[in-house]
Amino acid sequence: MTNTLLKPGRDMMYRINTEGRFLYVNQALALYFKSEASELIGQSYLSLIEPSYRQKAQDFYRQQLQEKQSSTYFEFPLKDSQTWCGQTVELILNPEGEVVELIGILQDISESNQAKVDLDQNDIRLNSLIQNMDVAILMEDEFRRVKYVNQTFCDLFSIPLKSKDLIGADCSQAAEQSMHLFTDPQEFVKGVNTILKNRNKISSELLYFKDERVLERDYVPVFIGDEYRGHTWYYRDVTMQNLANMSIKESERKYREIIENIDLGLMEVDNDQNIIWANEPFLNSMGYTLDEIKGKNAIAHFIREEELAQEEAKLDDINEERLKGSSGVYELKLKNKENEDVWMLISGTPIFNESHKVKGSLGIHHNITHIKELQFQTEYRAKLQSILLDLSNQIIDLEPESEDEIINSALLRIGSFVGADRSYIFDYNFESKTSSNTYEYCAVDITPEIDNLQDLPMEAIGEWLDVHQKGRVMIYENVQSLPVENAIRQILEPQGIKSIITVPIIAGKSLLGFIGFDSVKQYKTWNATEVELLTFLAQLLANHYSRKFFELKLSDSEAKLRSILSNAMDAIVTINEEGLVEDWNLQAENIFGFQAEEAIGKDLTNLIIPHKYRTAHQAGMQHFLKTGEGPVLNSRLELVALSKDDIHFPVELSIIPIKLKDKYIFSAFLRDITQRKKAEDDMSIALEQSNELARMKSRLMSMASHEFRTPLTTIKANAEMLEYWSGSLEEKDKTKATRYISRMLGEVERLTSIMNDMLIIGRLESGKTRVQKRMTDLVHLSSEIIDKNFSNESDGRQVKVKIEGSPYLVPVDTNIIEHILNNLISNALKYSPNAAAPLLMINFKNEQQLRLTVKDSGLGIPEDEINSVFNAFYRSENTRQIKGTGMGLAIVKQFADIHKIRIKVFSAVNVGSEFVLEIDRD
């Protein structure tokens, strides 16, 4: 038996009773069995089905009968054939609801299945190309130690290490460490253990992350002979592919539901192809009512003239066979009411009159537009894949001498593929602020424009350039829709361009130019494939131009390096493993007295190393070559060297070993430090003298402070006695005495404060103050300081406290913090008379660093004096009328420095000042 009579989409119709015996078969079914329809009547429907599939079919239709499903769809292979059919079966019920007959329609679905298979295969290839082998790989040995892992694997599993740091690591607990990433952690661990136990190759296993990513996993065990030597894991992120597959399956499911629940389109025509009747499904698919098409010629109405010119011979043959009484099946592209393409698989059956003469035909129309689109998409993607692969291979390895030829060829190929009238490349020259057309492909009958598009001023394409600088694609599908005065339109319109798309060529952060398509003959809507193709080529070109740039830069760098080495202030000497000099720069000649031609090729040991160090030097070289270790390598040392005149002098030396293939060279950087050593000796003496002066100053300040305290205490005691005595004076004398005594006590207090400040500075400068940190609640400490020292201000102001963030303990010296805050808050009150109360802000928002801020709305500090306010005894010009010593901020700065507290000042005259303390939590 043959299947040549069963063409794609040919429908076989029949009726069977509840026992599965044929009651009626149409001619297509009879022809398949090479028999008359009458010969099949009474036979079982199972005779159509491949024997191995009959039981499955029988079970399916028994279930339909039992459940009285009105309509079902089932797919199976035909007997003695590679053909697969999709069969729709409907039940015919009597008035009592009992099944009396079944009606079946068979359709060929072989091409549809194959088209889907081809599409899946091409999608995988194309995805593999574009993803550029972005696969996470982990190779383990038989003991589950890491032999190789790439960075993609580390990134995929959120491993906070570089891949090289994992080499040799034990992976026996890796699954448990990564299980939290997966939707079913226990199942992931169980799966890994099962795979490792069985040691069978696993391919394309899907894993699901909690963050909705989907991974595809392969497992490949490694055997040498029969000996197991480890395995390799491959993980690929197939989230998008999985979503696409789900979408395709969903589309397929919907498509099947439609096929199962709607009838096929039917249209009846006479022998002259005039429409007599059409059913509702056909009318719906074409967008017409019956009245709109009845009586019209079907061929003229539904087929475009250009299509008819190609299909006319085929249609004449089909019509001729139809008039002879033969059925036929064919594909035809029709146009619907909206002038859209509708592909139909048509099974045409002749209609006979009473005299058994053909009076017309009935066409069973199956809409295969979706299938045709899949086929076109498969072919399109296969060609696109080929182009992308070829472009990658050609441009990645592009040599300078073939650059123009290959780029022109690439423009021709992509322009032809998408049907563009022009494809081209422009560059941007930001130094000259111009843009020029560098490469151009033109379709037949399209005028080249490359000569007219040189050195275009960038200001003329400002909008265009702005889009590209943002890394975006520029698309105009209708240039005529732009305003007449628009600069872009004024450039494009003279070239006849109706539609245009351009993609920027960006290497790193540098905009190099753009690549684009023009449509001149017609308006065009640019699709995602065209954007993708241009973007892909733009990236290839960007990589190529970057490589050219770095190759040129490398060449320049080599020349610059030689110039730098020749003119370096240090002597630069390179030796090989035998200790022979290979490079000897100009400064080496000046320092050691040997000319380059005298030194190159000579043993460095005998040139510049004193006799008593030569044995140690040679031993060190041999030790490094054996072990790769050396105490003098990669560090800066001070040694004694020997000049040509046999003079010993100190040098600073650093040696860097450089491995070239399997050999080492050693680059030594030497500097004559004779003058520096002398300067260091002089500086050491000067520093000791400076330290001695500082100690004397500290002792003097301490002594002065103590010596002043005794007379100040005496003066204060006597003043207090006078104040007590003045109480017995007459009122007029009492007032005057009180004023003098108060002034005396005030000056005693001020002088005592100065002495205290001097004593503090003396202790700080002498290094006697020690920082003793402890974990402290700064909110509580600040409140205590304010309550103790600033709660009864004469003007009634109360210092405000503002807390930001969640408080935490901070390691501080409470005495130092109290000194600092007392001085800053006191100054804020003193230098903001008649202003709002100062504000103390404590900011805990940064978990690593606390910020203490004292802010006032007072006099402020002149901008040119801000850097001087921490100097001892310094006072700003605008504070002269307010009493003060200029010691407070100097003490604050010294306390902050010894406590490792950063202090910043922000101030503006007549606006106020803000002092910010930054204290590390660690």
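Phe870 and Phe915 are both buried. In this predicted model, the two residues form an edge-to-face aromatic pair, with 6.5 Å from centre to centre and 80 degrees between the planes. The pair links distant parts of the chain, since Phe870 lies in the loop between S31 and helix H26 (888–898) whereas Phe915 belongs to strand S33, 45 residues apart. Strand S33 itself is mostly covered, seven of its nine residues being buried.

S33 takes part in an open sheet of five strands, which are arranged in the order S28-S30-S31-S33-S32 with mixed pairing. From one strand to the next, the twist averages 15 degrees. Helix H24 (residues 778–789) packs on the sheet, where it touches S28, S30, S31 and strand S33 (912–920), and its direction makes about 170 degrees with that of S30.

Within the sheet, strand S30 (residues 839–843) and strand S31 (residues 849–855) pair in the antiparallel sense over five bridges, with Leu839 standing opposite Lys855 in S31. S31 and S33 also run antiparallel and are joined by seven bridges; here Gln849 stands opposite Asp920 in S33. The pairing of S32 with S33 is antiparallel over seven bridges, and it places Lys904 opposite Val916 in S33. S32 and S33 form a hairpin with three residues between them, and Asn910 in the turn has a positive phi of about 65 degrees.

Aromatic contacts were examined over the whole structure, where a search finds 32 aromatic pairs. One of these is formed by Phe157 and Tyr235, an edge-to-face pair with 5.0 Å centre to centre and 80 degrees between the planes. Phe157 is located in the loop between helix H5 (151–156) and helix H6 (174–178), and Tyr235 in strand S10 (residues 227–237), so the pair links distant parts of the chain, 78 residues apart. In one of them the side chains of Arg304 and Asp341 meet at 2.4 Å, N to O; Arg304 lies in the loop between helix H11 (298–302) and helix H12 (305–323), and Asp341 in strand S14 (residues 341–352), 37 residues apart. Arg304 counts as buried at 15% relative accessibility, whereas Asp341, at 38%, counts as partly exposed. A further salt bridge joins the side chains of Glu598 and Lys644 (2.8 Å, N to O). Because Glu598 lies in helix H19 (residues 596–599) and Lys644 in the loop between strand S24 (636–642) and strand S25 (648–660), this pair ties together parts that are 46 residues apart in sequence. Salt bridges that share partners join Arg851, Arg902, Lys904, Glu918 and Asp920 into one network.

Notes:
Residues are numbered from 1 along each chain as its sequence is written. This is a predicted model: local features need pLDDT of at least 70, side-chain atom pairs count only at pLDDT 80 or more; totals for chains, interfaces and linings use all residues. Side-chain values use heavy atoms; hydrogens and water are left out. Two strands pair if DSSP finds at least two bridges between them. Helices (H or I, at least four residues) and strands (E, at least two) are DSSP runs, numbered from the N terminus. Axes are lines fitted to C-alpha atoms, for helices over the stretch in contact, and angles run from 0 to 180 degrees between N-to-C directions. Contact means heavy atoms within 4.5 Å. Buried means under 20% relative accessible area, exposed over 50%, partly exposed in between (1.4 Å probe, protein chains only). Rings of Phe, Tyr and Trp (its six-membered ring) pair if their centres lie within 6.5 Å; planes under 30 degrees apart count as stacked, over 60 as edge-to-face and the rest as tilted. A salt bridge is a side-chain nitrogen of Lys or Arg within 4 Å of a carboxyl oxygen of Asp or Glu.
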